[in-house]
Structures are given as structure tokens and as C-alpha cells.
Amino acid sequence: MAGIPECPESLKKIQHHLKIALEHDSKDPIISYWCRLYALQAALTLDKSSKDAKMFLVSLMDWLEKQKHNLKDNDMIINETAAQAHIENYAIKMFNFADGMDRQANYNKNIVKLFFTAGLLMDVLSVFGDVSEEITNTQKYAKWKATYIHNCMKNGETPTPGPPAAESGQIGFNFPNQGEVTQQPTDNFVPVTPTKHTYEDYPASTPNEYQQIPNTSTVSPTEIQPIVSGRPILLRDGIQLSPSQITKAQKYCKFAASALTYDDVSESIANLQKALKLLTTGEDS
């Protein structure tokens, strides 16, 4: 990228996020911007004193300021809630696409990159605050799955579709056992620690690598930033909903609306059903 020097060795841990940013510069400037902002925040915890790191960080800060000015009218730059929803939707869509390939035993280098990229994009969500347990579990699973499939392919072995054989429950977003109804993640899932691998042997994404993953559309802040009262809401039959439950229901409705923008009717219905159940029973499903 013009104006920014090569990432120094002391900051190599952020290279993957910078690579994702570079790959999205033209097709999704929002992803590109927030990936680099995450990389900057992570870099400041790694090395902010060496000469090479200082030069790199200053250049990255300058780029972020210019890009923020260039995109100042974009809701997903000025509104973090909108940005979070966009990145989360995109990462989940990418993950689900890779998971579908996995369930169909369709193994190639693209599935590794899709799983790994989805996990890295879920890293970026920490820029906006605490990440949900569902996202955390899905993130760990995606990175583990990328490493697992890579190692199987490298060793000439056939990967086993789905979660580790020892786990019978769901791990995160859309992880039902085959033939079963989608459930919430299990509380006792302990993801397998991925082996260290840089994925440098995987080339930059080709123009058609993500072509089957729908682009997420702009989400209006008015759709996703409702005001929630701090007091519990009392429903009929004595059911009380906490502010966090109301926020969760709003999130389901937000995802339902977003899913319709790329004609994913089944996903929209599923999220609306979750919202309805939560609002009528106080139970999350």
C-alpha cells in the first residue's frame, strides 16, 4: 500500500490482518479500514519504540486519518455499531460458507483461507468492545479448523467434516449436528489449540475467491442503535426481560433485516423466530 512501509519483523503478528485489509481495499473499504485500525491497536502492544515500528505506525496512523476523512459520510466509519454489525455479518457469512464446504467434504486451499480469514475478522470485532461468547467460540473453531484442514491436506489425509469427534454439541453460530435442529452453543466446549502456522504458503486471494459470499449492505444506524431502558420489562405471565435480553432481541431483528438484503430468507426467518421466542418466553434459543 502506497505510503506505508513494509511491516517490520517485530510486528509480524499483525501481518494477516493487514493482508485482509489490502485484499479488501477496493471491494470493501469498511473492512479494510477497521482491519487496519485493529492492526494498529495490536501493534501498539507489540512494539512502539523501535525505529522501524515507529515509522510503520506513524504511516499507518496517517493512512487511517486520511481514510476516515475520505469516508466521513459513511455510517460504518462514523458509527461503531453499524461497523460492528457489518463486519460481524460478513465474518459469519464467510464462516458459514466455509462450514458448508466442510460439511460437504469439499476441501481445497480456499476453504482453509475462508475459515482462517473469518477467524481473523472476528478478531477485529474486539475493537468495538467485549465480544460475545458465541463469536469467541466460533472464532477459535474457525482458526482451529483452518489449521486442521491445512495439516490434513499437507499430510495427504482426509479431513473429518464438522467439529472434533469428541464434541457432540454446537460450538457457535450455525453449528448444528447434521440432521438436528440448530441449538445454542454448549457451555463446555473447549476448542483445540491450533498449532502455529503462518499460512504464508497460501497466495493472496484471487479475484473470484469470495465471489459466492454475498456482500453485506449498508445498515442504517436507526435500524441498529435503539435506546434500551435500564429497567427490566415485565411481560404477561410474570416474565421479565432484562436490558441485555432486549438488546439481544434487537440484534436478532437487525440480523433478520440484514439477511433480507441478500435474499437469505431462511436466515431472516430463523433470526426473527429467535427474537420472538426471547420476547415471549424470556428464553434464548
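Me: With which residue does D25 form a salt bridge?
Reply: In this predicted model, D25 lies in the loop between helix 1 and helix 2 (29–46), and its relative accessible area of 26% leaves D25 partly exposed. The partner lies in helix 2, so the pair ties together parts that are 11 residues apart in sequence. The closest N and O atoms of the two side chains are 2.8 Å apart, and the residue that pairs with D25 is R36.

Me: Is R36 buried or exposed?
Reply: A residue counts as buried when its relative accessible area is under 20%. R36 has a relative accessible area of 2%, and therefore, with that cut-off of 20%, R36 is buried.

Me: Which parts of the protein does the salt bridge of K113 with E23 tie together?
Reply: The closest N and O atoms of K113 and E23 are 3.3 Å apart. Both residues count as buried, K113 at 12% relative accessibility and E23 at 13%. Because K113 and E23 lie in separate helices, the pair ties together parts that are 90 residues apart in sequence, namely helix 6 (residues 109–124) and helix 1 (residues 15–24).

Me: By about how much of a helix are D99 and R103 separated?
Reply: The side chains of D99 and R103 meet in a salt bridge, with 3.5 Å from N to O, and D99 is buried, with a relative accessible area of 6%. Both residues belong to helix 5 (residues 80–103), where they are 4 residues apart, so the separation is about one helical turn.

Me: How many salt bridges does the structure hold?
Reply: Side chains of opposite charge can pair when their charged atoms come close. Among the pairs found here are D25 with R36, K113 with E23 and D99 with R103. Counted over the structure, the number of salt bridges is 6.

Me: Are helix 1 and helix 2 roughly parallel or roughly antiparallel?
Reply: The axes of helix 1 and helix 2 come within 8 Å and cross at roughly 160 degrees. Angles over 145 degrees count as roughly antiparallel, so helix 1 and helix 2 are roughly antiparallel.

Me: How many residues of the contact of helix 1 with helix 2 are nonpolar?
Reply: Helix 1 contributes H17, L18, I20, A21, L22 and H24, while helix 2 contributes P29, I31, S32, C35, R36, Y38 and A39. Of these residues, 3 are polar and 1 is charged, and the number that are nonpolar is 9.

Me: Is the crossing of helix 6 and helix 7 left-handed or right-handed?
Reply: The axes of helix 6 and helix 7 (residues 133–154) come within 8 Å and cross at roughly 155 degrees, which makes helix 6 roughly antiparallel to helix 7. As for its hand, the crossing of helix 6 and helix 7 is left-handed.

Me: How many residues of the contact of helix 6 with helix 7 are charged?
Reply: On the side of helix 6 the contact includes I111, V112, F115 and F116, and these residues belong to a set that meets, among others, A142, A146, I149 and M153 in helix 7. The residues of this contact divide into 11 nonpolar and 4 polar, and the number that are charged is 4.

Me: What percentage of the residues of the protein count as buried?
Reply: The protein has 10 helices and 2 strands, and along the sequence they follow the pattern α-α-α-α-α-α-α-α-β-β-α-α. Of the contacts with a separation of 6 or more, 69% are between residues 24 or more positions apart. Of the 285 residues of the protein, the share that counts as buried is 45%.

Definitions and conventions. Residues numbered from 1 in each chain as written. Predicted model: local features only at pLDDT ≥ 70, side-chain atom pairs only at ≥ 80, totals over all residues. Heavy atoms only, no water. Salt bridge = Lys/Arg side-chain N within 4 Å of Asp/Glu carboxyl O. Buried < 20%, exposed > 50% of the residue type's maximum accessible area, 1.4 Å probe, protein only. Axes fitted to C-alpha atoms, helices over the stretch in contact; angles between N-to-C directions. Parallel < 35°, antiparallel > 145°, perpendicular 65-115°, else oblique. Contact = heavy atoms within 4.5 Å. Nonpolar A, V, L, I, M, F, W, Y, C, P; charged D, E, K, R; others polar. Left-handed = near helix turned anticlockwise from the far one by under 90°.
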